[in-house]
Amino acid sequence: MKIKDIVNRGIVNLTNCEQEPIHIPGSIQPHGFLLGLKGDSFIIDFCSANSIDYIGVDHLSLLGKSLEAIFDKNTVALLKDYITTDQMLSSSLLRLTLKGKDFLCTVHNSNGVYILEAEPVGDNDNNASDVYNQTSQFLLYMHDTHTLKELCALVAKGTREITGYDRVMIYRFDKDYNGEVFAESAREDLEPFLGLHYPHTDIPPQARELYMQNLLRLIADINYTPVPIFTLDDAENKNLDLSLSILRSTSPIHVQYLQNMGVGATLTISLIYKKKLWGLIACHHYSPKNLTPEVRLAAQLQGHFITSQIDVRQATEEYEVARKTNTELEKLNTFSLTAKGNGKLSNLVEADGILGLCNASGVAIVFNGSVYKNGITPNENEIQELANWLAAYTNNGNFYTDKLIDYLPDYTAMCQNTSGLIYHSLDIDSNNCIIWFRPETKTEVNWGGDPNKAIIKDKNGLSPRNSFKLWREIVSCTSKPWLQPEIATASAYANSLQRQINLLIISQEEKKYRKLSELLKETNSELENINWISTHDLQEPLRKIQVISSRILSKEKEISENVQDAIQRMNISANRMQTLLLDILKYTRLKHTDDAFTDINLNEIIDELRDEMSETINEKSTIIQAEELPKVKGVSFLLKQLFANLIANSIKYAAKDRSPVITITSSPVPMTYNGIDRDYYNVIHVKDNGIGFEPQFSEQIFNIFTKLHSNTEYKGSGVGLALCKKIMQNHKGYITAVSELGKGTVISLYFPISEN
């Protein structure tokens, strides 16, 4: 049987110190011994080298053996019952007699291996009742504290009384895991550490991770000699994860760090708040010191007191801030931007309470390209730049910081007035926003040694710093931190302001629409007057002109040829003007029709038009070819006007070298208008072989008064096709034209298919 130790002999250097595998050191501290049992068989698979010192049996005799072969049946039964009844999950202690000696044991599962750690029961340990009495007294005192700092100071004092350590510190982390000694209780002859800061490198990430898993860490003697763990050499890279172990050996870097501080023993208790490492209870003794498991648990209870009270104490401390900010918010909410209120953003930024609601020194509102500001703020251009950056960075959301240069390092010139800000967008697609500002607050931070020299490299290799001399740092470009009540109140007001601005915009739009509506009524009234004038006042003088000119031409025989020509031209112009007035009248009346849609037989309409327009059709030898057309929903006289205009147009614009041929067909299947919409239409095509027009005019020809030819060539008002378009719109349809110069035109009419 081959046996090996699992000691991790990897060299720690500057390139890998933050990845040091401290959870698998392969060794333990000597104030107890360790057994690793296979989970399925309880065979001893791992054993520390000091087992012989505690139970008189060396690791060579233990490895590979079953528990029953080494210990009495009663002991084995107690251990198995402890495991199977899940007592180990509650961290309760197990008292076992091993080879005639009493031990207090802890057991946990590590990747299928039950790790049993045994420490001897001493004769001179603190009486359990004394520990209970001290803890009970502490609970009474705890109710006399109001702030978190007072509570932490009391916990530091109580933990020191229970444990007997020379120094107990409550160590609190910031967002970057730099630590601050937040509370302290120490021997009077010791230099105080209260208020000192320590860099995040003092406790690297993997150590913080272990503090999250294992809430209590004891080093009984800093100068201990690590005890190796042995195992059967029956698998490659065989190891044992000691993350949850009480006896786990410590990183040599950490040991050296504590030796440099002159510390002889330590106890560290994790403070977990909202599933994050909030801080530590760090206990230092300047000579070796061990604690019984009962005392350790009592000390760990102190940590639970702190974490259970963080929310309550912070809420108490923030209550006064919240009360003041809410008072300012209520005062500010009386200001209204609507028409019945104060109504101006320039007045709003000057209003009482807008700075006090989050204890800011300045505020700015950016709205539609304008900047309204009050107090200590950047200039308008800088505010616009900030608003643009914040809108992009937050995707028109919200943001706050007490150190803006962490995000905009080139903005150091703004630090004095703008080190901190709270931002809320007021729009989803612009830089409209409200921003509160705080100026720079220079602070002095006392570090326990230069934070830039947390780890050094000397002739012996990598070492932690050996200087803990007070090192002062002046922190600049940082504002006073925003408290949660201030952030919440700013958010509440920003939401209120956003609603007010939306109401203001709606109010402004309603005012604009009212003006437009009034203007439209006036315009419609004027059109009605024009319609009346066209119907009566203008047509009457025209009729007189036509009658008089006709009488002159018919009765006066001795009129010179020039005068006669002039009168004829005047009569022609009057006739053309009358046609124009009648077409305008038809166009304006079209929108007022209330006739109900009925099923219209288009074939009957074409037949009627053949009869009514026979004189014009025969004059130009026109051929009208119409296939069987579908029925459509519509107004009969309008559709008759529609096809009359199209046929008349085709005859009017016929080619001089050929007789007009007009073909009226329908598409064999329903079609969509533009290939995209979901509605289907019956499509009627009116095709001719006339002069056509250039394709770029295919939409322009439907505009009212649009004519592509001069009056001398082709008579007309330019209203006909506009009238056709209007008729199709009234029928919820469309009209299009496709043409080529000299080759004729195709007019397509899209009639919606009724769902009935």
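This is a predicted model: local features need pLDDT of at least 70, side-chain atom pairs count only at pLDDT 80 or more; totals for chains, interfaces and linings use all residues.
Are Arg438 and Glu486 buried or exposed? I looked this pair up, and Arg438 is buried and so is Glu486 (buried is under 20% relative accessible area, exposed over 50%, partly exposed in between, with a 1.4 Å probe and protein chains only).

Residues are numbered from 1 along each chain as its sequence is written, and side-chain values use heavy atoms, leaving out hydrogens and water.

**Salt bridges**

I found 20 salt bridges listed for the structure (a side-chain nitrogen of Lys or Arg within 4 Å of a carboxyl oxygen of Asp or Glu). Arg438 and Glu486 form one of them, with the closest N and O atoms 2.9 Å apart. That pair links distant parts of the chain, since Arg438 sits in strand S19 and Glu486 in helix H12, 48 residues apart (helices are DSSP runs of H or I with at least four residues, strands are runs of E with at least two, and both are numbered from the N terminus).

I then checked Glu184, which bridges to Arg167 with the closest N and O atoms at 2.5 Å. Here strand S9 (residues 179-186) holds Glu184 and strand S8 (residues 167-173) holds Arg167, 17 residues apart. Both Glu184 and Arg167 are buried.

Glu740 and Lys743 also make a salt bridge, at 3.6 Å between the closest N and O atoms. Glu740 is partly exposed at 44% relative accessible area, and Lys743 counts as exposed at 60%.

**Strand S15**

Next I went to S15 (residues 362-367): 6 of its 6 residues are buried, so the strand is largely enclosed by the rest of the structure. Gly362, Ala364 and Val366 point one way, and Val363, Ile365 and Phe367 the other.

What does S15 pair with over 6 bridges? Strand S16 (residues 370-375) does, running antiparallel to S15 (strands pair if DSSP finds at least two bridges between them). Ala364 stands opposite Lys373 in S16. The hairpin of S15 and S16 has 2 residues between the strands, and Asn368 takes a positive phi near 50 degrees.

S15 also pairs with S19 (residues 433-438), antiparallel over 5 bridges, and there Val366 stands opposite Cys433.

**Ala626**

Last, I looked at Ala626 in strand S25 (residues 623-626). Ala626 is partly exposed at 34% relative accessibility. Ala626 and Val686 are 60 residues apart in sequence, yet 9.1 Å apart from C-alpha to C-alpha.
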